[in-house]
Amino acid sequence: MRNGKKELDYKIKNGEEKEMLAILFIEMQWLKENRTPSGAVQRQKYYEPVRIEDGINLSGKGIFLKKCSYCQYGNSVLSEQRFSDRLDEKLYEEGLGKAFTGTDEREQRLAGLRTKRIQKDRGTFYNIENIDVPCITISEEQANCYRIKWFDSGEGMPKRRGGNEDLYKKGMKLAGRPNVLNETAFVLEEGKAGLLKYNYRYTSYHGQWYKCYYVYIVNDNLTQDVFVRTYDYVYDQMADLF
């Protein structure tokens, strides 16, 4: 055990392994027709933490972010890419779109952008100011210690519970705004991990959609198994969508 610790200390000292914040963002969306007990059971298994895939660079700087996006379509749960392909096929069958041929310049450009985004979502590094995770803000309290806050404007439906912890703090950006939900979910010290769960309902021309987010945040050595662990904190903002 002692030799193992020396080896880990050596790796950290030489930049091969270091403690940092890693985020796994899982998004699931489904239509009203799948708002059933059996539909919920089918979705649930996709909320579990996953390994980082082989070939992903883990030696960058900043905060590591991996995204997994799914959509429940009928009796299937599809990845975002497969759902987009299925939707294109459906529109083409209904005479509302055209088949992808690969010869159109615009089609090629859009396909290339989609491929790049999917590759990026497999795992990449961001500055703390540029993390794009809905309703989550992150600040570094001190070296290797992070405050994770949950934010919601308080507008629209569904209504949520919580308060604005900066309400009476003069000079703060959200001071004096009682209807804003702005609160600390948890503070992650080195070696700690936390999970945030929240959901949304919205309407588009496809109908009424529902979204559920699971955000796993780990402050530990970045390895392929960094997300597969026991979590110390759980913050739950699962609103009633019925």
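Modeller: Setting aside neighbours within four places in sequence, D166 is in contact with K149, M172, L174, A175 and N182, where contact means heavy atoms within 4.5 Å. This is a predicted model, so local features need pLDDT of at least 70 and side-chain atom pairs pLDDT 80 or more, while totals for chains, interfaces and linings use all residues. Residues are numbered from 1 along each chain as its sequence is written, and side-chain values use heavy atoms, leaving out hydrogens and water.

Biologist: What makes D166 buried or exposed?

Modeller: Buried means under 20% relative accessible area, exposed over 50%, and partly exposed in between (1.4 Å probe, protein chains only). D166 has 6%, so it counts as buried. D166 sits in the loop between β6 and β7 (181–188); strands are DSSP E runs of at least two residues, helices H or I runs of at least four, both numbered from the N terminus.

Biologist: And why is N144 called partly exposed?

Modeller: N144 has 27% relative accessibility, so it falls in that in-between class. N144 is in the loop between β5 and β6 (145–152), and its phi is positive, near 60°, though it isn't a glycine.

Biologist: How do you know which class C135 belongs to?

Modeller: C135 comes out at 17%, so it's buried. C135 also has a positive phi, about 70°, without being a glycine.

Biologist: What makes something a nonpolar core?

Modeller: It's a set of buried Ala, Val, Leu, Ile, Met, Phe, Trp, Tyr and Cys residues joined through side-chain atoms within 4.5 Å. The largest one has 26 residues, with I26, Y216, L222 and F227 making the most contacts inside it. β1 (19–31) is among the elements giving two or more residues, and β1 gives the most, 6. A second, separate core of 25 residues includes C135.
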